[in-house]
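Here is a short briefing on one protein model. Take a look at the sequence and the structure first.

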Amino acid sequence: DDFAGEGVWRYADALPFETGVTTQEGATPLYEVPRLEADVGVEALRIKHEGMNPTGSFKDRGMTVGVRVAKELGVDRLACASTGNTSAALAAYGSRGGMETLVLLPAGKVAAGKIAQASLHGARILEVDGNFDACLDIVQELAARGEAYLLNSLNPFRLEGQKTIGLEILEGFRDDYGAFPDRIVLPVGNAGNTSALYKAFRELVQAGELDADDVPKLTGVQAAGAAPMVEAIENGADEVRRWDDVETRATAIRIGNPVNAPKALPGIRETGGTAIAVSDEAITDAQRDLAEEGIGVEPASAASVAGLRKLRAEGIVDDAERVACLTTGHLLKDPDAAAAAGSDPEPVPADTEGVIEHLQG
Ligand code: F0G
């Protein structure tokens, strides 16, 4: 079964192939969150949970296309720099495609679940004494020298696959509300998704399938300690200034040089969106908010909800809006962050009386 016509590949008309190297990616849930919706105070709020993809993040949508392209090209070694999720997806899809994979990770800054995935799927893991941006510099040079085929979001075929996130959100809202969302709020690292969604919507407008007025406002959220895109939007700048020192608990978006900024900045501006920075504390609070609705996400994902709350508080988002928040990765990606944000286990004796006593205690 090559999964043609399903998941990401249901949108083959918008993609370069009929199917790809696949582990059945896409068709992720668009969850209702009635309590959170009421608390945030918007007309409608839905959570598009990309953590429900095969390797637990949206990267699978890009890899099913990108690894297929690599196969067509006949390359034998695939490579990426990664804050973790890209490496997990590349390792899985590269293995499925029968290719060697090389991943460069910032030492000490990648969540446990992601390293475990890259490791078990057989990637060669290089731990770099530097941050993600340094890893990406090196991988780009390796690719330029013919050492490997690059599968970061600089690879345009990755973004082709990630367009389907936007297409699924539009269809989901149309089916449930008879209207498209006013706004899509998403976490931003390299701004690959921001670029991909903008491209998807532009193509729909050009094809006459979507009114230009109905394009959702693309709204990016970064962690305050790694917010070069927000800085550029606030300053009305045409270029993003690279931040050399970045820090955030949301390690997936611990990025100082968003390489897709030239494509993403126009996307945010021309859709009438914005970009906002949130604290690590607000991210953890939002992670708990989602967990209360039964949705488990990693910290970077919760940035979307934290950003929406802040935009509501500032009056930039009004209460009549229909909003989709993108949650990009699964809770189990970063078990340490989840355990730190949640409640602690309580030690009890191994007998029923002792347990009852403890509960009454
Ligand atoms: N959320 C998660 C969970 C991510 O892993 C990433 C990027 C982003 C958001 C940012 O997405 O780059 O499209 O703006 N992770 C990359 C990686 C950098 O290596 O896994 P973007």
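Which helices each supply at least two residues of the shell around the ligand? They are H3, H7 (192-206) and H11. Helices (H or I, at least four residues) and strands (E, at least two) are DSSP runs, numbered from the N terminus. This is a predicted model: local features need pLDDT of at least 70, side-chain atom pairs count only at pLDDT 80 or more, and totals for chains, interfaces and linings use all residues. Residue numbers start from 1 along each chain as its sequence is written.

**Around the ligand**
- Of the 21 residues around the ligand, Ser82, Gly189, Gly192, Thr328 and Gly329 come nearest; a residue is near if its C-beta atom, placed from the backbone, lies within 6 Å.
- The shell has six nonpolar, 14 polar and one charged residues. Here Ala, Val, Leu, Ile, Met, Phe, Trp, Tyr, Cys and Pro count as nonpolar, Asp, Glu, Lys and Arg as charged, and the others, Gly among them, as polar.

**The sheet**
- Four strands form an open, parallel sheet in the order S5-S4-S3-S6; strands pair if DSSP finds at least two bridges between them.
- S5 (124-128) and S6 (149-150) are at the edges with a single partner strand each, so one side of each lacks a neighbour in the sheet.
- Two bridges join S3 (residues 77-81) to S6.
- Ala79 stands opposite Leu150 in S6.

**Helix H11**
- H11 (residues 299-313) has 15 residues.
- Of these, 12 are buried, meaning 20 or more other C-beta atoms, placed from the backbone, lie within 10 Å of a residue's own.
- Among them are Pro299, Val305 and Leu311.
- Just after H11, Gly315 takes a positive phi of about 75°.

Definitions and conventions. Expected span 1.5 Å × (residues − 1).
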